Amino acid sequence: MDDLPKKITCIIPAGGSGIRMGLPFPKQLAPYKGRPLILHIIELFRDQVDEIIVAVPLEHEAGFHSILGKRCRIVLGGASRFDSVRNGFFAISKPGNEDLVIIHDAARPFFNPATLKDALKIASSNGALIYATPATDTIKQTENGLHVSATLDRNHIFMAQTPQIFRLDVLENSYRKFEGEAKTPTDEAEMVEACGFPVALFRSTPENRKLTHQEDLKLLQSQTIRIGHGFDVHRFDAMRPLILCGVQIPEGPGLLGHSDADVAIHALMDAILGACSLGDIGQHFPDTDPNLKGVSSLILLEQVLLEMKKKNGSLVNLDLTILAQAPKLAPFRDRMRQSLAQHLNLDMDRINLKATTTEGLGYIGKKRGMAAHCVVLVEFS
Ligand code: MG
């Protein structure tokens, strides 16, 4: 970094087993946005540091090696988080006193690295810095775990997070001074404080939370949202009924197609399949299949919803646009939305339906047929 010429090393203690989260593997390997969590943690720092060291549990060393490859150096973790960071610290290559060491929890993936440059500058001059957020709940003290012994003034309470950043000489001196102490500090800042070095507070936000308990894993899952788009066209056929969103529109003309030619549902199905990476409706329901002749598109939609469910997907919302020069669809808009809400089991508020003409232009404007666009969001757990 231009104004920070010293070497910067990031140590990530990833020694936990995952037992507290009820996982058969370390939580750092839990899937997040399609990749193991640890890779996201490394991405947070990769562009801003010279070296990344990850301390891993012995029993999962091979797994971490295959996932991390050459992105960083791997050392063995210790019996505690504190020991894991210590192992990482003494593995720093060519250490210099003015170097900076960032320590970041492997289970804190929501850290925003935009503030890191400022924090590094302060850490460089002050010697030590921690990200922390002001306490918002009232903090009670207890001696026996059963009764409150005091209410602390929360104006003086900050909740410590990571990153914690230290000048290398400060951390090294602290390790040396702390050698042989019976108590294991809960973080490196506690040790540095105990050794008499000042630790600066750097204001963070509650979003930078640590994933600790089993229910925290839902935070990872709820973030997997994918978009899908669908488009369909059918030509008019005056001999057939007009069915849109499963609703028969009395004013016709109808649409030509192998099924009931519900152009709106077809665009919707393609959007859902798109968000699920499942191809298109032509692959799932070929128009050469005699069993599908005249079939209600709502039946096909049911099958598409089942396919989405198999992938643990659920619809968040949809925005459907029907392009038609005729008939006027506005009077049927709410009936169509209601039909979709019922068949998708989705709140009306999450279903938007628009109808537009094309101002007399093109095949829609010449009243030769009808088209529909649909965009959906699907959330995966
Ligand atoms: Mg179609």
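This is a predicted model: local features need pLDDT of at least 70, side-chain atom pairs count only at pLDDT 80 or more; totals for chains, interfaces and linings use all residues.

Mentor: Let us begin with contact, which means heavy atoms within 4.5 Å. Helices (H or I, at least four residues) and strands (E, at least two) are DSSP runs, numbered from the N terminus. By that reading, Ile 38, Leu 39 and Ile 42 in helix 1 meet Phe 64, Ile 67 and Leu 68 in helix 2. By class, this contact of helix 1 with helix 2 has 6 nonpolar, no polar and no charged residues; Ala, Val, Leu, Ile, Met, Phe, Trp, Tyr, Cys and Pro count as nonpolar, Asp, Glu, Lys and Arg as charged, and the others, Gly among them, as polar.

Trainee: At what angle do helix 1 and helix 2 pack, and how far apart are their axes?

Mentor: Two packed helices are described by the angle between their axes and the distance between the axes. Axes are lines fitted to C-alpha atoms, for helices over the stretch in contact, and angles run from 0 to 180 degrees between N-to-C directions. Helix 1 (residues 37–46) and helix 2 (residues 61–68) pack at about 55°, and their axes are 10 Å apart. Helix 1 is therefore oblique to helix 2; angles under 35 degrees count as roughly parallel, over 145 as roughly antiparallel, 65 to 115 as roughly perpendicular and the rest as oblique. Helix 1 passes helix 2 in a right-handed crossing. A crossing is left-handed if the near helix is turned anticlockwise from the far one by less than a right angle, and right-handed if clockwise.

Trainee: Which residues form the contact between helix 3 and helix 5?

Mentor: Helix 3 contributes Phe 82, Val 85, Arg 86 and Phe 89, which meet Leu 168, Leu 171, Glu 172, Tyr 175 and Phe 178 of helix 5. These residues divide into 7 nonpolar, no polar and 2 charged. Helix 3 (residues 81–89) and helix 5 (residues 168–178) pack at an angle of about 125°, with axes 12 Å apart, and the two are therefore oblique to each other. Helix 3 passes helix 5 in a left-handed crossing.

Trainee: In which sense does strand 7 pair with strand 10, and in which with strand 11?

Mentor: Strands of a sheet pair through backbone hydrogen bonds, either parallel or antiparallel. Two strands pair if DSSP finds at least two bridges between them. Strand 7 and strand 10 (residues 158–167) pair in the antiparallel sense over 6 bridges; Ala 132 has Ala 160 as its bridge partner in strand 10, and Pro 134 stands opposite Phe 158. With strand 11 (residues 200–203), strand 7 pairs in the parallel sense over 4 bridges, and there Leu 129 is partnered by Ala 200. Strand 10 also pairs with strand 6 (residues 100–103), antiparallel over 4 bridges, where the partner of Val 101 is Phe 166.

Trainee: How many residues of strand 7 are buried?

Mentor: Buried means under 20% relative accessible area, exposed over 50%, partly exposed in between (1.4 Å probe, protein chains only). In strand 7 (residues 128–134), 6 of the 7 residues are buried, so the strand is largely enclosed by the rest of the structure. Strand 10 is mostly covered, with 7 of its 10 residues buried.

Trainee: What is the strand order of the open sheet of 5 strands?

Mentor: The order is 15-12-18-16-17, with mixed pairing. Strand 15 (254–255) and strand 17 (351–356) are the edge strands, each pairing on one side only. Strand 16 (residues 313–323) and strand 17 run parallel, joined by 6 bridges, and Leu 320 stands opposite Leu 353 in strand 17. Helix 11 (residues 333–344) lies across strand 16 and strand 17, at about 145° to strand 17.

How values were computed:
Residues are numbered from 1 along each chain as its sequence is written. Side-chain values use heavy atoms; hydrogens and water are left out.
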